[in-house]
Amino acid sequence: MKALINCSNHPSENWGEEQKNGFEEIIDVAFPQISPSEEDILDISNSLAKKLLFIVKELQKKHPLIEVCLYIAGEQAVTTITSVIVAQEKPLIHIVTATTQRNVTYLPSGEKVAKFEFGLWRDIPLFCLLH
């Protein structure tokens, strides 16, 4: 069994089937709203990591052989710090990112419209940074 924890502000109910493909379970966790003036990103990252690790623990209790993937998308510093904390605690979890094809159209008004099409899930090999 394979599960994805989607920690972003992009609920999986709005994803296409291609993006959901391969996961028997997807758990949505809202990424916290972070002000640009926020200075306490370590506390936010630790709190978010603790919440995500709890979800991982519960999934592993329910399904001992489950493969867990974690997608974190949001403010870059918190995303990076949280990913490293989780990878240190649970090195067998796959930290992943979504790749997309960006299609840009320029309207006659000069307005730029960008549409993103899901490509694939890509592993982020954080383990190589932690050893």
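**Notebook: charges, a buried serine and a strand valine**

I take exposed as over 50% relative accessible area, buried as under 20%, and partly exposed as in between (1.4 Å probe, protein chains only). The accessible areas come from the Shrake-Rupley method with a 1.4 Å probe, and for residues only the protein chains shown count as cover.

I note that this is a predicted model, in which local features need pLDDT of at least 70 and side-chain atom pairs count only at pLDDT 80 or more, while totals for chains, interfaces and linings use all residues. Residues are numbered from 1 along each chain as its sequence is written, and side-chain values use heavy atoms, with hydrogens and water left out.

**Salt bridges**

I counted two salt bridges, each being a side-chain nitrogen of Lys or Arg within 4 Å of a carboxyl oxygen of Asp or Glu.

Lys62 meets Glu25 in a salt bridge, at 3.8 Å from N to O. Glu25 lies in strand E2 and Lys62 in helix H2, so this pair ties together parts that are 37 residues apart in sequence. Helices (H or I, at least four residues) and strands (E, at least two) are DSSP runs, numbered from the N terminus.

I then looked up Glu58 and Lys61, which form a salt bridge with their closest N and O atoms 3.2 Å apart. Both are in helix H2, three residues apart, which puts about one helical turn between them. Glu58 is partly exposed at 31%, and Lys61 is exposed at 57%.

**Negative patch**

I found a patch of negative charge on the surface, made of Glu38, Glu39, Asp40 and Asp43. Patch residues have over 30% relative accessible area and no salt bridge; like charges are joined within 9 Å, and nonpolar side chains (Val, Leu, Ile, Met, Phe, Trp, Tyr) within 5 Å. Asp and Glu count as negative, Lys and Arg as positive, and His and the chain ends are not counted. I placed each charge at NZ of Lys, CZ of Arg, CG of Asp or CD of Glu.

I located Glu39 in the loop between strand E2 (25–30) and helix H2 (41–62). Glu39 counts as exposed, at 75% relative accessibility.

**Ser45**

Is Ser45 buried or exposed? Ser45 counts as buried, at 0% relative accessibility. I found Ser45 in helix H2, with its side chain reaching the backbone oxygen of Ile41 at 2.7 Å.

**Val113**

I found Val113 in strand E5 (residues 112–123), partly exposed at 27% relative accessibility. Val113 and Asn103 are ten residues apart in sequence and 8.2 Å apart in space, C-alpha to C-alpha.

Technical notes: A polar contact is a pair of N or O atoms within 3.5 Å; within protein, one must be able to donate a hydrogen and the other to accept it, and residues adjacent in sequence count only if both atoms are side-chain atoms.
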